[in-house]
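Please open the model in your viewer and keep the selection panel at hand. The stops below proceed from the whole chain to individual rings.

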Amino acid sequence: MATSSPTRFVIFPAILFLIVLIPLYLSPINRNQSILLHLLPTHSNLSETTHQTLQTSSSPSLWPKNDSADGKMSHVERIEGGLARARAAIRRAIWTRNYTSEKDEAFIPRGDVYRNPYAFHQSHIEMEKRFKIWAYREGDQPLMHDGPSNDIYAIEGQFMDEIESGKSHFCLTRIVHFIYEPPRYYGKWIPRLVTDYINFVADKYPYWNRSKGADHFLVSCHDWAPDVSALKPDLYKHFIRALCNANTSERFHPIRDISIPEINIPRGKLGPPHLDQPPNKRPILAFFAGGAHGYVRSVLFKYWKEKDDEVQVFERLPRNRNYSKSMGDSKFCLCPSGYEVASPRIVEAIAAGCVPMIICDHYSLPFSDVLDWSKFSIYITSDKIPEIKKILKAVPTETYLEMQKRVKQVQRHFAINRPARPYDMLHMILHSVWLRRLNVRLPS
């Protein structure tokens, strides 16, 4: 029997992270949507048709066939066979409500915060066993091989640095400094730069052309990142984009693309402080402090800026107030969009043990494949801003206490560790990429 081969992803040291499962012979790409069913809640009633789909999709008869003359499986066939076994293991975990692992599991996801904890757990196990990432090394500094590791774009540099211990990655901060000064010189410089890079590596290596980019991915937290693929949409049709600016009204596609958390990392730290203030010592109903960035915040300030003792909203926090402590003293933390849909306040709220009230339009929330945000947050669109106090006052005490407990439960998924640890933010991003690759079947 042929041995399984690790699923290999290649990172492109740029705005784009290129993941490559080597080698991939592309006929038409088949996005195996049925595997998405593993994200259904454990109490969902799967129809007979769905059950048959799951059984059929995991059948060895649909694994890559061995058509080679010598009877041996090709490298691609071994990779696809391994992915088929991973899909089958995930489905088995759903039906048995148990997991299969070759090692002791230090953490076992359970509870209502997960759409399906059994599927998530087994999927993470399979990812750790099979998933590999490489980086193209083309490109010179200052445009390449460096990354921001602090401030609001920090998730880019932290992720790149974690993947490549040799610091071989593309520096988006350098792109901002050397290619354009927003907004006057933005134009099409960055999309052209990225497209040129893809064309260069596609000419030099077989991987992009064999998969049409379906096993390559990009990680970026910059506001302009979604526009990178606008220059040549067909080139990026199957390409996976992991973005902070996950705006579904701006060509973000949740099935293909990945929403990643925006996090503001101070110098010398790995994220906001974790606070353990119990619910009975949180006297503030709701809190927000931040600049007047974007339409959503302008509406928020119109109705609530320094107008209510319970819903405390500030553009400039008074000097006698501490920002982190104010979040720790609040039951709910308002997380309005800024210029773009993402906001680092969601991660700050979770770290502070404060139930996020997310206020935005068209935002695809991070890790929604796995996490059920309705269990530990409140989501409203901008037209509901005048009703914030009414909405929060209507939350029963028992419901709030459960939500606050679940916020504490998901903190590990929004924390950065170096080196990364299973189920932390960096692993959750990788797992999101893994799921997209798992949902693509590339025929041999």
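The tour begins with the conventions and then visits the chain, a helix pair and the aromatic rings.

This is a predicted model, in which local features need pLDDT of at least 70 and side-chain atom pairs count only at pLDDT 80 or more, while totals for chains, interfaces and linings use all residues. Residues are numbered from 1 along each chain as its sequence is written, and side-chain values use heavy atoms, with hydrogens and water left out.

Select the whole chain. Its 13 helices and 13 strands are DSSP runs (helices H or I, at least four residues; strands E, at least two), numbered from the N terminus. Of the 444 residues, 55% are buried (under 20% relative accessible area, 1.4 Å probe, protein chains only).

Next, select residues 75-96, helix H2, and residues 117-130, helix H3: their axes come within 8 Å and cross at roughly 155°. The axes are lines fitted to C-alpha atoms over the stretch in contact, with angles from 0 to 180 degrees between N-to-C directions. H2 is therefore roughly antiparallel to H3 (angles over 145 degrees). Display the side of H2 that touches H3 (heavy atoms within 4.5 Å): Gly82, Arg85, Ala86, Ala89, Ile90, Ala93 and Ile94 meet Tyr118, Ala119, Gln122, Ser123, Glu126 and Arg130 of H3.

Finally, turn to the rings. The whole structure holds 14 aromatic pairs (Phe, Tyr or six-membered Trp ring centres within 6.5 Å). Then select Phe107, Tyr114, Phe120 and Tyr423, which ring pairs link into a cluster.

Methods:
Parallel < 35°, antiparallel > 145°, perpendicular 65-115°, else oblique. Phe/Tyr/Trp six-rings, centres within 6.5 Å; stacked < 30°, edge-to-face > 60°. Buried < 20%, exposed > 50% of the residue type's maximum accessible area, 1.4 Å probe, protein only.
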